[in-house]
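The following note sets out some points on the nonpolar cores and the pockets of the model shown below.

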Amino acid sequence: MKIVNEERTAQGLPFVQLIPALEAMFASGCCVPLRHSHVVGTEESGQGTLLLMPAWQEGGRLGVKTVSIYPDNQKRGLPGLHSVFILYDACTGVPLALLDGNVITSRRTAAASALAAKYLSRPDSRSLLVVGAGRVASLVPEAYREVRPIEEVNVWDINPTLAASLVDHLRRTGLRAQVVPDLEAAAAEADIISCATLSNQPLIQGGWLRPGTHLDLIGSFTPAMRESDDECFRVSTVFVDTDEAPKKSGDILIPVANGAFDQSSIACDLTSLCRGQHPGRKTREEITLFKAVGTALEDLAAASLAFDAQRAA
């Protein structure tokens, strides 16, 4: 069994290969059971959560991502989240590799966002607004450049220092990037807006979106979290990554509860887009919205790609 560390996992997941790998996996499909969640420890000793996320393709590969979440780790000077991915041969059950789960999660998340934009954003989209400056947000511009001719990246974060740090990084990669202090003005000028935050309050308002904008919502993965207001769903054609998104994300659940959006109005999921069952964006003036919560299908595709890269090295 190969042990593939953080650096080598990342090296095996260039977006030029990862985005098509996700597209192929969504098109072919795989078995993705509901994830398991277990509480470890007690309130007195410090509780943690263990997540188990399996996926497999018959006759192909089998994988399980484990995620341990320990909020009290900040008191210990440790990260609160650790993740590993175990890849197996689905025919024999033989373990093939242990890979860095954090890298897989962050890179496949950005890649899925770009994959959706391939179908939903205007082909001539050149300006990208990134809302957030964390690990996933930092990868979004690189991923989007594989599917759209991005020339300008604007970055907004509630912490201007983090936004400035991301801008410095993007400039070193050759991108024209800048920090934007006025989120409303930046959103009104962007071709594509990608949000990757942990916000519990709307950041993007539907009234800011001009015709032809593509809005990508990555961050919200619980019913209390949201990055957009109700109006975003009123004015947009809405797409999701999987049918879990309407069940998990406050970005969808809250507008539904407020009577601003009906889940039956969701145009389709990423599988339908990748299989050519829906055309995606239909007009230049259409405002499109993509809401993702992530899926173990993406983890399996990324882990297989990284493993094959190591095997070929």
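**Cores and pockets**

1. The largest nonpolar core holds 65 residues, of which Leu99 and Val153 touch the most other members. Helix H3 (residues 101-120) supplies the largest share of this core, 11 residues. It should be kept in mind that the model is predicted.

2. Leaving aside residues up to four places away in sequence, Leu99 touches Val4, Thr9, Val84, Phe85, Leu87, Ile104, Ala303, Ala306 and Phe307. There is also a second, separate core of 27 residues, and Val180, Leu183, Ala186 and Cys232 are among its members. In soluble globular proteins, nonpolar side chains tend to be buried together.

3. The volume of the largest pocket is about 1,300 Å³. Its lining comprises 39 residues, and Leu81, Thr105, Val136, Leu198 and Phe221 are the closest to the pocket centre. Two or more lining residues come from each of strand S3 (48-56), strand S4 (61-69), strand S5 (81-89), H3, helix H4 (135-144) and helix H11 (296-312).

4. By class, the lining of the largest pocket has 20 nonpolar, 12 polar and 7 charged residues.

5. The second largest pocket has a volume of about 260 Å³. Val32, Thr242, Asp243, Glu244 and Thr295 are the closest to its centre among the 15 residues that line this pocket. The lining of the second largest pocket divides into 6 nonpolar, 3 polar and 6 charged residues.

Key: Residues numbered from 1 in each chain as written. Predicted model: local features only at pLDDT ≥ 70, side-chain atom pairs only at ≥ 80, totals over all residues. Heavy atoms only, no water. Core = buried A, V, L, I, M, F, W, Y, C linked by side-chain atoms within 4.5 Å. Buried < 20%, exposed > 50% of the residue type's maximum accessible area, 1.4 Å probe, protein only. Helix = DSSP H or I, 4+ residues; strand = E, 2+ residues; numbered from the N terminus. Contact = heavy atoms within 4.5 Å. 1 Å grid on protein atoms, 1.4 Å probe; cavity = no way out; pocket = protein on both sides within 12 Å on 5 of 7 lines; lining within 4 Å. Points joined across faces, edges and corners; volume = space filled by probe spheres on them. Nonpolar A, V, L, I, M, F, W, Y, C, P; charged D, E, K, R; others polar.
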